[in-house]
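Have a look at the model first, then come back for the details.

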Amino acid sequence: MNTRIKDFTMTNTILPRAATLAATLCAALALSTPAFALDVQIQEGAAVKFPKGLKWEPMVKTETFRGNGKIKSLPAGASSKKEQALALSVWKKELSLPVTHNDRPNSIISKLIKSDKIFYFVTAPFNPGFDDIIHGNAKIIVSHDEKFASPTVIDAGSICVTTGADDEDSGIDYPYEVLHQEIAFDANVNTIYMRQRFDKQFPQECNRKITLTPGDKTSGGAAQNATTPAPASQSQSGAAIAGDITPRRALEALYGSVSTANTPDRDCKEYASWKPPLNTEKFKNYFSMGEQYKNQPLLVCNKFSATYTEQDKQKFVLVTRAGIRDAFDTVNFSTTDVPPPIIGMAVFVKDGGQWRLEVEDRFAAYTGFSETMKLQKVGANKYGVLLTDVSHYGAGCDNVEVKLLMPHAGGVTAHELNVPLTEKEEMSFSECKATSVSFDTKSRDEHYPVTVKQTFTDERGRNLKKSARLTFSNGSYVKSK
């Protein structure tokens, strides 16, 4: 069988409306604590044996075109606008590369799989012209939310991504129905199977078996449900401080010695140095934005601290901002390969004459260039930290977001407080967004409901306002029914 495909180049660009929704989904991927911890086991090639009864479906090919305002999906109508935008958001960095760059994908293959209450989004970029059967490095995005608001991102290794097309201008010899990647999911064993179709033949080198199993290696942070404990590397229960507690003493207890020399910016007067665990999936993904930086230590600064009383116990919260030194000087992280700063949070509780670490997550969320924080009462006897974050998207366009960091289920959870939008609104509103929130402190709910107000700018420059009341349910803030 000859699987050689003619080289071709199809110029791509993320179009304005697609970019808006893709940016929204990309923010959801970047700013949330993973929904749960998973490990992945991958088997490749002829050793993969497909069980009988699998339901095979073609993966969808998404292309964007410069100038004509079109997004093309093959097979026609096989993916929704949200699925297309999610694919574009996952590969945003690669798509932003110059047209002549070898790592710039000409298209993306993907497939959304729903199993019970879990959503799996499998995707890989398509770079033509490098080998007979073209390969791409796949990612699997897993979430309990169909909007992928709290995802886990898993690297799924190299898969075959050779596809055909249904138009003669693309330079492909075969129609898409004849040449494409196929995928099947066995929910009983939580396993994804993949194969490459070429007419009625399936080259064995493209066979893949990807098994997802519960674990604590992938998340790199506290899970959002009570059944999955926070990884030991994130919860240093031995850290304790005798006597009075200060931000500096808390930083020293968590990270070691603190320096005041050569501070990275005016807001960071003292900092610790931290070498993050590069073997965790979370930090593998983090440094994929700039692999050349992965051997540099992260500088960790105190950004906010407060003392309060919760359930008759004195507590102290420390919020940190960490990043490589270059990250403290970068304004717009969407146009650079510098990994953006991350936010961490630790809560100490006073026990006798010392302060004992109660909960910690050193990578609770991403953050932008500028943020303000305040202690927030989130329930009758519960506190968190409210973070207002400003990101720059170009001249005259800022994105003001509000996140809530709070202890929950043995870890730290990060909630981005947003007004749920319809698909049409997501396609129309730009990333220029201003958010404000207010908590209903008169409520008797364990967690106070939140009213979120947002102002968006549409593609015509008009300001549009939306609001919603969110309640806390199953570890997340959702729109009240």
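Let's start with a bridge: Ile140 has Ile154 in β8 as its bridge partner. Keep in mind that this is a predicted model, where local features need pLDDT of at least 70, side-chain atom pairs count only at pLDDT 80 or more, and totals for chains, interfaces and linings use all residues. Residues are numbered from 1 along each chain as its sequence is written, and side-chain values use heavy atoms, with hydrogens and water left out.

**Around β7**
- Strands here are DSSP runs (E, at least two residues), numbered from the N terminus, and two of them pair if DSSP finds at least two bridges between them.
- β7 (residues 135-143) and β8 (residues 152-160) run antiparallel, joined by seven bridges.
- β7 also pairs with β6 (residues 118-126), again in the antiparallel sense, over five bridges.
- Within β7, Ser143 sits opposite Phe119.

**The open sheet**
- Seven strands make up an open, antiparallel sheet, ordered β12-β18-β17-β16-β15-β14-β13.
- Its edge strands, β12 (240-242) and β13 (258-259), each pair on one side only.
- β13 runs antiparallel to β14 (residues 271-274), with two bridges joining them.
- Val258 has Ala272 in β14 as its bridge partner.

**The helix across it**
- Helix α4 (residues 247-255) lies across β12, β13, β14, β15 (298-310), β16 (313-323), β17 (342-351) and β18 (354-366).
- Helices are DSSP runs too (H or I, at least four residues).

Terms used:
Contact means heavy atoms within 4.5 Å. Axes are lines fitted to C-alpha atoms, for helices over the stretch in contact, and angles run from 0 to 180 degrees between N-to-C directions.
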